Structures are given as C-alpha cells and as structure tokens.
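Dear colleague,

I am passing on the structure below, followed by notes on what was found in it. Please read the notes with the model open beside you.

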Amino acid sequence: KNGFTITQRNAVVEQHLWCIDTVMTQYAAGADGAHRPDDVYQSLAVRLIRAVNSYDPCKGYLKEYILSQLKREMVRVRSTQ
C-alpha cells in the first residue's frame, strides 16, 4: 500500500477535498433532488478517506484514483433512493 501515516493521510485528504466539489458539480446536472447535498458530501468525504487509505502508488496517479472512487460513490448514492 501507500504507507501514509494518519497525519500524512489527513493532509492528503485535505489537499483533495476539491475533488468532492468537482464530482458533485459534474453530477449536479442530472441530480434528482432525492438526496440532500450535505448527505452526499459526507458520503463522498468518507469515500475520499477510504480511497486515500487504499491507494496503491503502483497502480496510477492518486488524483485519478480519488476521482474514480468518488464518481463510483456518487453513482451508488444516486442509485439508492
């Protein structure tokens, strides 16, 4: 895995919070209004933390991995109504 300490992981998560806003904006056009934005943000934030924890540097760029994980979470959130 990546070998991040908790402090390093937290710093990486903070540096990539913008990814949540990006994914929420991308999916806003098709939003059905069934989920509160705060709830969606919280789900994406948890997925961001998990993505940083499970990131394997041998498999590509961190930013791309985070964005793909957040998009998967957004699809999951939108499919649960």
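**Helix packing and selected residues**

Helix 1 and helix 3 cross in a right-handed manner (a crossing is right-handed if the near helix is turned clockwise from the far one by less than a right angle, and left-handed if anticlockwise; helices are DSSP runs of H or I with at least four residues, numbered from the N terminus). To this contact helix 1 gives Arg9, Val12 and Val13, while helix 3 gives Leu48, Ile49, Val52 and Asn53, where contact means heavy atoms within 4.5 Å. Sorted by class, these residues are 5 nonpolar, 1 polar and 1 charged (Ala, Val, Leu, Ile, Met, Phe, Trp, Tyr, Cys and Pro count as nonpolar, Asp, Glu, Lys and Arg as charged, and the others, Gly among them, as polar).

This is a predicted model, in which local features need pLDDT of at least 70 and side-chain atom pairs count only at pLDDT 80 or more, whereas totals for chains, interfaces and linings use all residues. Residues are numbered from 1 along each chain as its sequence is written, and side-chain values use heavy atoms, with hydrogens and water left out.

The axes of helix 1 (residues 6–15) and helix 3 come within 10 Å and cross at roughly 125 degrees (axes are lines fitted to C-alpha atoms, for helices over the stretch in contact, and angles run from 0 to 180 degrees between N-to-C directions). The two helices are therefore oblique to each other (angles under 35 degrees count as roughly parallel, over 145 as roughly antiparallel, 65 to 115 as roughly perpendicular and the rest as oblique).

Helix 3 (residues 37–54) also packs with helix 4 (residues 62–79), at an angle of about 140 degrees and with the axes 9 Å apart. Helix 3 passes helix 4 in a right-handed crossing, and their contact has 10 nonpolar, 3 polar and 4 charged residues. Gln69, in helix 4, is buried at a relative accessible area of 10% (buried means under 20%, exposed over 50%, partly exposed in between, with a 1.4 Å probe and protein chains only), and, not counting residues up to four places away in sequence, Gln69 touches Arg47 and Ala51.

Asn53, found in helix 3, counts as partly exposed at 36% relative accessibility. Leaving aside neighbours within four places in sequence, Asn53 is in contact with Lys1, Asn2 and Arg9.

In helix 2 (residues 18–28), the buried residues are Cys19, Ile20, Val23 and Met24. What covers the buried residues of helix 2 includes helix 3 and helix 4.
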